[in-house]
Amino acid sequence: QSLLISPVQRLPRYVLLTRQLLSLLTPRHPARPAVEEACRKVERLASHVNEAGRDAAGLLMSLAALNSRLRLGPGDGRQGAEFLQPRRRLLAEAEVRIITVSDNCG
């Protein structure tokens, strides 16, 4: 039951669990090499997931800053106000100029 926890908490728990299991095995125990390898793999995976989480958080902060600079936000009534979202991927990069049209053309 205690291993049925939220996904974010699972990997750190598995790291602790494999380390604890390793500490209980004698140096000559036949399962020790397999547990050592499992411990290394779980630690490497946890490190990778943590790094990916930091990258995603940085991306979200960048998107928020860009939305702010473009003065776009959800529900502001402007067309395309929500075009910057984390689930979308960049297909092309180009310079963009925002041109406004005033009522005083003349």
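Helices (H or I, at least four residues) and strands (E, at least two) are taken here as DSSP runs, numbered from the N terminus. The model is a predicted one, so local features need pLDDT of at least 70 and side-chain atom pairs count only at pLDDT 80 or more, while totals for chains, interfaces and linings use all residues. Residues are numbered from 1 along each chain as its sequence is written, and side-chain values use heavy atoms, with hydrogens and water left out.

By these criteria the protein chain holds two helices and zero strands. Of its 106 residues, 17% are buried, where buried means under 20% relative accessible area, exposed means over 50%, and partly exposed lies in between (1.4 Å probe, protein chains only). The chain exposes about 9500 Å², and 57% of that area is supplied by carbon and sulfur atoms; accessible areas come from the Shrake-Rupley method with a 1.4 Å probe, and for residues only the protein chains shown count as cover. Among contacts (heavy atoms within 4.5 Å), those between residues 24 or more positions apart account for 26% of the ones with a separation of 6 or more.

Helix H1 spans residues 7-24 and includes Thr-18. With a relative accessible area of 13%, Thr-18 is buried. Beyond its neighbours within four places in sequence, Thr-18 is in contact with Val-35, Cys-39 and Val-42. Tyr-14 is itself found in helix H1 and is partly exposed, at a relative accessible area of 30%.

Arg-19 is another residue of helix H1, and its relative accessibility of 44% makes it partly exposed. Its C-alpha atom is separated by 8.6 Å from that of Val-35, 16 residues away along the chain. With neighbours within four places in sequence set aside, Arg-19 is in contact with Cys-39 and Glu-43.

The contact between Arg-19 and Glu-43 leads on to the charged pairs. A search of the whole structure finds four salt bridges, each defined as a side-chain nitrogen of Lys or Arg within 4 Å of a carboxyl oxygen of Asp or Glu. One of them joins Glu-43 to Arg-19, with the closest N and O atoms 2.7 Å apart. Because Glu-43 lies in helix H2 and Arg-19 in helix H1, this pair ties together parts that are 24 residues apart in sequence. Glu-43 is partly exposed, at 29% relative accessibility.

Helix H2 covers residues 32-69 and includes Arg-32. The side chain of Arg-32 meets that of Glu-36 in a salt bridge, at 3.1 Å from N to O. The two are four residues apart in helix H2, so about one helical turn separates them. Arg-32 counts as buried at 18% relative accessibility, whereas Glu-36 is partly exposed at 29%. Arg-32 also touches Leu-22, Leu-25, Thr-26 and Pro-27, not counting residues up to four places away in sequence.

Lys-41 is partly exposed at 47% relative accessibility, and Glu-37 is partly exposed at 30%. Through salt bridges that share partners, Glu-37, Arg-40 and Lys-41 are joined into one network.
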